[in-house]
Amino acid sequence: MEELQQVAASVLVLQVSILLAIELIWNLCEVLFIDAAPAGSLLLHLLDWVRLHKADVDEKAREVLQSESPAEHRDYWDVVVSYVLQGRLEEARQMLVKQAALQPAARSMYKLIDTLLSRMPFYNPGGNQTLTEFDVKWRHWHDEVNRCLQDNSFASNRHLEIICKILAGDEDTLLEHKELLSTWYHFLVTRLLFSHPTVKPTELHYYAQSCLTMFLDSRSVPEPLDNILLAAFEFDIHQVIKDCSIALNNWWFVAHLTDLLDHCKLLQSHNLHFGSNLREFLLLEYASGLFTHHSLWQLAVDYFDHCPEFGHVYLELQIERVPLDTERKALKVLRICDQRQMSEQVRSICKIMAMRALRNNRLGSALSWSIRAKDAAFATLISERFLQDYCTRGTFSDLDLIDNLGPAMLLSDRLTFLGKYREFHKLYGEKRFGEAAKLLLSLMTAKIAPRSFWMTLLTDALPLLEQKEVIFSADQTHELMFCLEELTSCLNASALGSPKTSQDEDIELTKVELLRLSLARNLAMAIIKEGTVEA
Amino acid sequence: MFVARSIAADHKDLIHDVSYDFHGRRMATCSSDQSVKVWDKSENGEWHCTASWKTHSGSVWRVTWAHPEFGQVLASCSFDRTAAVWEEIVGESNDKQRGLSHWIKRTTLVDSRTSVTDVKFAPKHMGLMLTTCSADGVVRIYEAPDVMNLSQWSLQHEISCKLSCSCISWNPSSSRAHPPMFAVGSDDSNVTYGGKVQIYEYNENTRKYSKAETLMTVTDAVHDIAFAPNLGRSFHVLAIATKDVRIFKLVPMRKESTSTGPTKLEVQIVAQFDNHNSQVWRVSWNITSTLLASSGDDGCVRLWKANYMDNWKCTGILKGDGSPLTGSSGQPTAMSTVVGSSVQTSQSTLNGIKKCQTLC
């Protein structure tokens with residue numbers, strides 16, 4: 001159990017580190033490609049970027065400040081130096097005040113460093129100052145820092161000397177603080193801050209490459225992340241995408257990054273006529289991967305919608321493969337297909353569900369699915385089954401469904417008959433005999449009922465004929481008799497072909513005779529009734 | 001990044017074919033032990049054998065599923081010169097509880113005089129049609145006119161290919177611009193007839209299938225053949241497993257209104273890979289034709305993918321026991337997968353490895 005937890009924890013740690021790396025890359029791409037800051041602002045953005053991705057400085061600072069005597073905390077100078085390395089000079093000054101309070105004798109030195117720190121110019125993009133003016137001012141300040149170093153102003157205080165050297169942009173000093181910098185790109189930004197703050201975007205990659213080389217030990221090799229960042233500093237978007245594709249094992253990051261860059265029209269500007277195809281290619285890959293997930297597949301649909309060339313056909317192919325575990329899932333899939341007028345997929349899915357229902361003898365479900373599929377042939381088949389069921393068991397299953405067919409009834413003749421036949425039963429049940437009788441007759445005369453069912457219908461007519469009250473009019477009775485004759489002549493013809501047991505024949509004959517008798521009696525009563533003048 | 005899962009198939013002899021159903025939740029295996037086994041994937045991802053029965057009186061070479069629109073239907077073909085169609089019967093409730101189902105034979109197709117080497121259903125838009133090919137070089141196309149009655153099949157076409165056939169594949173395209181088309185591969189050692197892959201196309205006027213093309217550059221025995229899903233393209237893509245892996249592009253040429261013969265096809269080779277360094281036995285496409293899997297006598301499964309420039313490359317190698325080959329391309333370095341780890345099932349033999357449709 002503990003082992004499992006450890007494994008789970010290490011997986012989580014790994015995933016967090018991947019996420020942090022992805023954020024790092026994404027933010028850098030934003031700064032370099034999308035904000036596309038010019039010289040001056042560029043460094044400020046990069047400074048923000050480094051600060052955003054180095055959270056441990058604040059943690060350490062909190063720890064130090066919360067201690068009893070911050071200036072004597074062992075991490076105190078680390079915090080101060082870290083602040084300086086990140087260009088957070090105001091905060092460095094505030095920390096130094098505490099130290100200055102402890103060393104009244106060195107007051108002048110602390111005053112001097114404070115002055116240097118406060119006077120460092122930072123470019124203001126929104127201000128009136130041009131870049132050249134800023135550059136002049138900065139050089140002036142830089143010269144002042146160098147003078148302090150040459151004057152050995154901080155010779156007696158090692159820490160302040162270090163800070164001054166950092167401000168002067170001394171590379172060796174910076175490299176001595178590799179642990180505090182922790183990454184080569186931090187080193188890069190710091191170096192630029194204190195030696196070349198007006199760096200132009202086109203010059204970045206020179207500095208980046210040299211910083212990487214300087215920072216790494218002679219033994220260590222650049223990691224994939226380093227290569228990706230380097231490619232970004234070189235403004236080689238394609239290389240960034242390619243390296244990310246190789247380093248990461250799913251398309252999530254590259255797909256979204258490429259999509260963003262494409263929307264910013266950055267892929268085209270790099271003279272790649274297949275810019276938009278690359279975006280679509282990656283999005284299709286990513287979305288196809290999503291489709292394998294039991295719930296994320298619904299997201300994939302949206303992605304396909306935004307792929308103009310192949311999105312629709314990919315969706316068609318993928319969506320019909322979604323396993324239709326439950327009706328609810330099937331309905332979800334259908335809604336998606338309906339919204340996009342994917343009628344063939346709708347038909348296919350409904351057919352699959354109808355078939356499955358039929359195999360499991362759920363006739364009602366099968367019928368509703370085949371109605372949805374607009375599959376007349378299948379609807380006919382299922383209606384036949386219903387009718388067969390009725391003949392053998394005397395009752396209908398799934399009455400709700402049949403009662404509420406509505407216009408769907410017209411899908412197939414057999415289905416119409418089923419619906420109407422059930423209506424007949426309802427009318428009979430409600431004792432609306434006149435309407436029931438009319439309906440029954442029309443089922444036969446309008447040829448809605450299949451010939452095979454006529455005997456059953458006529459048998460159903462018997463109770464109506466036997467009522468005390470006359471229900472069938474004389475004309476109607478004539479028609480019934482006509483139907484009976486038609487039926488018997490048909491049966492006689494077919495009887496020659498199919499051998500029937502004598503028992504079956506007897507039953508048939510008895511039925512027919514009963515019917516003839518009832519019909520005759522009814523006819524008589526009907527004639528009398530119609531001939532009688534109401535008093 | 002792949003996760004491999006091994007399933008103890010319990011077949012008593014070599015497994016010759018593995019086939020996933022349309023949704024990738026069921027699997028059928030067939031073997032020289034003359035039986036077919038059906039496996040179902042449970043909710044937790046485990047595969048359970050839900051049916052196992054003797055199907056033929058000889059080695060069963062191939063097994064294939066019909067489209068679920070026709071129900072749960074399987075077809076198998078065998079060395080015993082027959083092909084059979086099976087339908088699943090929903091069993092008694094206690095069977096269901098034990099997780100078992102029954103399959104009954106609906107029909108046996110006995111027209112072949114030699115071993116039947118492949119059986120495939122035609123694309124569903126053509127109705128319920130089954131195709132077999134035999135060692136005597138005859139391709140037979142059967143149709144079940146009533147899809148609710150699987151015991152009635154009529155032989156619609158009998159095509160003699162002159163070479164012993166080993167595999168068939170239907171072009172899945174349902175576009176009106178493409179008449180029905182299938183490809184036949186041959187493992188015949190005869191060298192007189194050069195091309196070992198033939199393409200046949202249906203002719204509306206003659207109501208018959210006629211040969212549209214022979215791929216003359218394929219001269220070695222062909223073990224498997226597979227059309228890629230069409231994607232609305234005007235051309236067709238065909239993968240072939242022979243002494244190496246080959247992918248061909250077949251471009252229909254503009255037809256004159258007066259011509260009555262089959263469409264002329266321009267044949268272009270898109271890629272050829274001999275990485276298996278041995279006979280390649282199976283090729284299989286994923287759903288969107290973006291990934292091709294091949295298996296070979298080197299005991300490996302290789303995955304092939306085209307980048308957006310249409311250059312094909314190997315993106316993964318798996319050994320038959322499911323372990324990745326060290327040093328293969330696509331190995332993760334610092335970063336690993338967060339979403340989308342794929343599952344590849346491996347079996348106890350080397351020849352029958354098929355791409356799961358859910359792998360992308």
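Two strands count as paired if DSSP finds at least two bridges between them, and strands themselves are DSSP runs (E, at least two residues), just as helices are runs of H or I with at least four, both numbered from the N terminus. With that in hand, B:Ala239 has B:Ile247 in strand 20 of chain B as its bridge partner. This is a predicted model, where local features need pLDDT of at least 70 and side-chain atom pairs count only at pLDDT 80 or more, while totals for chains, interfaces and linings use all residues. Residues are numbered from 1 along each chain as its sequence is written, chains are lettered from A and ligands numbered from 1 in the order in which they are written, and side-chain values use heavy atoms, leaving out hydrogens and water.

**The sheet in chain B**

- Strand 19 (residues 236–241) and strand 20 (residues 245–252) of chain B run antiparallel and are joined by six bridges.
- They belong to an open, antiparallel sheet of four strands, ordered 18-19-20-21.
- At the edges sit strand 18 (224–227) and strand 21 (265–273) of chain B, each pairing on one side only.
- From one strand to the next, the twist averages 20 degrees.

**The largest nonpolar core**

- A nonpolar core here is a set of buried Ala, Val, Leu, Ile, Met, Phe, Trp, Tyr and Cys residues joined through side-chain atoms within 4.5 Å; buried means under 20% relative accessible area, exposed over 50%, and partly exposed in between (1.4 Å probe, protein chains only).
- The largest one has 180 residues, and those touching the most other members include A:Trp184, A:Leu229 and A:Phe233.
- Helix 1 (residues 2–35) of chain A gives the most to this core, 10 residues.

**Helix 13 of chain A**

- Eight of the 10 residues in helix 13 (residues 224–233) of chain A are buried, among them A:Asp226, A:Leu229 and A:Phe233.
- Those buried residues pack against helix 1, helix 2 (41–52), helix 11 (184–195), helix 12 (204–215) and helix 14 (237–247) of chain A.
- Leaving aside neighbours within four places in sequence, A:Phe233 has contacts (heavy atoms within 4.5 Å) that include A:Leu28, A:Trp49, A:Trp184 and A:His205.
- Just after the helix, A:Phe235 takes a positive phi of about 60 degrees.

**Around B:Ser175**

- B:Ser175 sits in the loop between strand 14 (165–170) and strand 15 (181–186) of chain B, and is partly exposed at 30% relative accessible area.
- A polar atom of the B:Ser175 side chain lies 3.0 Å from the backbone nitrogen of B:Ala177.
- B:His125 is 50 residues away along the chain, with 9.9 Å between its C-alpha and that of B:Ser175.

Note on methods:
Axes are lines fitted to C-alpha atoms, for helices over the stretch in contact, and angles run from 0 to 180 degrees between N-to-C directions. A polar contact is a pair of N or O atoms within 3.5 Å; within protein, one must be able to donate a hydrogen and the other to accept it, and residues adjacent in sequence count only if both atoms are side-chain atoms.
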